[in-house]
Amino acid sequence: MLTPPRTVVRRDGGLYALERALQRRGFRHVAGADEAGRGACAGPLVAAAAVLPEGRRGEIDELADSKLLTPAARERVYDEVVARALAYAVVIIPAEEVDARGLHVCNLAAMRRALASLTTRPEYVLTDGFGVDGLDVPGLAVWKGDRVAACVAAASVLAKVTRDRIMVDLDERHPGYGFAEHKGYITPEHSAALRELGPCREHRFSYVNVATVSGRDGRPPRSRRPAPGSPDEALFGVPDGADADGPDEPMERSGAPGGTVGVALGEQPRPPASVGEDVVMEGGVR
């Protein structure tokens with residue numbers, strides 16, 4: 001029995017080399033998936049998936065890992081990805097669900113849902129860093145995938161820009177924390193605001209720094225987030241003028257005909273992860 005020839009992807013082949021190699025082997029529609037907001041202690045976790053077209057149309061100027069781009073460049077690349085992608089999808093996981101189900105569980109579920117929402121069915125999936133189970137197509141987890149594969153970089157930009165826009169909006173709803181600047185990540189300024197104001201509804205109470213300033217660091221994550229209108233809600237420290245009840249509806253972003261956007265809610269909750277499961281800030285330029 002003859003074995004097919006090996007496909008060699010050169011290290012210096014550029015951002016499109018891996019996808020082109022897969023396409024030469026018959027996998028025409030290669031999807032990439034990535035997320036933004038893992039290391040933030042406030043705001044949602046956002047995952048995205050994208051399928052870029054074959055050939056020159058799928059080559060986007062300035063496309064790179066979103067953390068390596070300036071905010072202005074990310075916006076330009078975002079517009080190009082939305083315009084050119086065969087399909088894209090963005091899924092938003094609110095902070096309270098991260099608290100209830102655990103960061104890693106939510107991360108996998110969000111990427112799985114984003115990939116399942118693509119209107120062009122992928123024939124192969126590339127993910128950044130770790131694999132996503134439960135898919136009915138072959139896939140590969142690529143170390144630093146957003147710097148190696150164009151479709152993963154495109155998903156990275158979609159997730160990052162969507163999340164940054166949400167955090168700017170949340171800065172107006174919950175002034176005083178500086179969400180528009182640090183996007184919910186742990187910085188000296190954010191830590192100082194947490195100590196002064198206490199956490200707001202958009203903070204992740206399962207993160208050790210938020211749990212500590214909330215005064216509830218000895219209780220399990222589910223009990224740290226008071227129900228709306230309860231006496232315990234005063235512990236949130238919502239600044240004057242902020243929307244204490246939060247948005248009435250899930251935040252959504254409109255997509256091109258090939259894209260879908262949703263909020264990953266309604267899944268059966270699983271036991272929460274331990275406090276401080278992941279408090280590492282994402283690296284790079286934000």
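Buried means under 20% relative accessible area, exposed means over 50%, and partly exposed lies in between (1.4 Å probe, protein chains only). The model is predicted: local features need pLDDT of at least 70, side-chain atom pairs count only at pLDDT 80 or more, and totals for chains, interfaces and linings use all residues. Residues are numbered from 1 along each chain as its sequence is written, and side-chain values use heavy atoms, with hydrogens and water left out.

**Exercise 1.** Classify Tyr124 as buried or exposed.

Solution. Tyr124 has a relative accessibility of 13%. The cut-off for buried is under 20%, so Tyr124 counts as buried.

**Exercise 2.** Find how many aromatic pairs there are, and describe the one formed by Phe27 and Tyr124.

Solution. Rings of Phe, Tyr and Trp (its six-membered ring) pair if their centres lie within 6.5 Å; planes under 30 degrees apart count as stacked, over 60 as edge-to-face and the rest as tilted. This rule gives 2 aromatic pairs. For Phe27 and Tyr124 the centres are 5.0 Å apart and the planes stand at 65°, so this pair is edge-to-face. Helices (H or I, at least four residues) and strands (E, at least two) are DSSP runs, numbered from the N terminus. Phe27 is partly exposed, at a relative accessible area of 27%.

**Exercise 3.** Classify the pair of Tyr177 and Phe179.

Solution. The ring centres of Tyr177 and Phe179 are 5.4 Å apart and the planes are at 10°, so the pair is stacked. Both Tyr177 and Phe179 are buried.

**Exercise 4.** Describe the surroundings of Lys183 and state which side chain of opposite charge is nearest.

Solution. Lys183 is in the loop between helix H6 (179-182) and helix H7 (188-197). Its relative accessible area is 12%, so Lys183 is buried. Lys and Arg count as positive and Asp and Glu as negative; His and the chain ends are not counted. The nearest side chain of opposite charge is Asp164, 4.9 Å away, and Lys183 has no salt bridge (a side-chain nitrogen of Lys or Arg within 4 Å of a carboxyl oxygen of Asp or Glu). The side chain of Lys183 does reach the backbone oxygen of Ala180, at 2.5 Å. Beyond neighbours within four places in sequence, Lys183 is in contact (heavy atoms within 4.5 Å) with residues including Ala40, Arg163 and Met167.

Terms used. A polar contact is a pair of N or O atoms within 3.5 Å; within protein, one must be able to donate a hydrogen and the other to accept it, and residues adjacent in sequence count only if both atoms are side-chain atoms.
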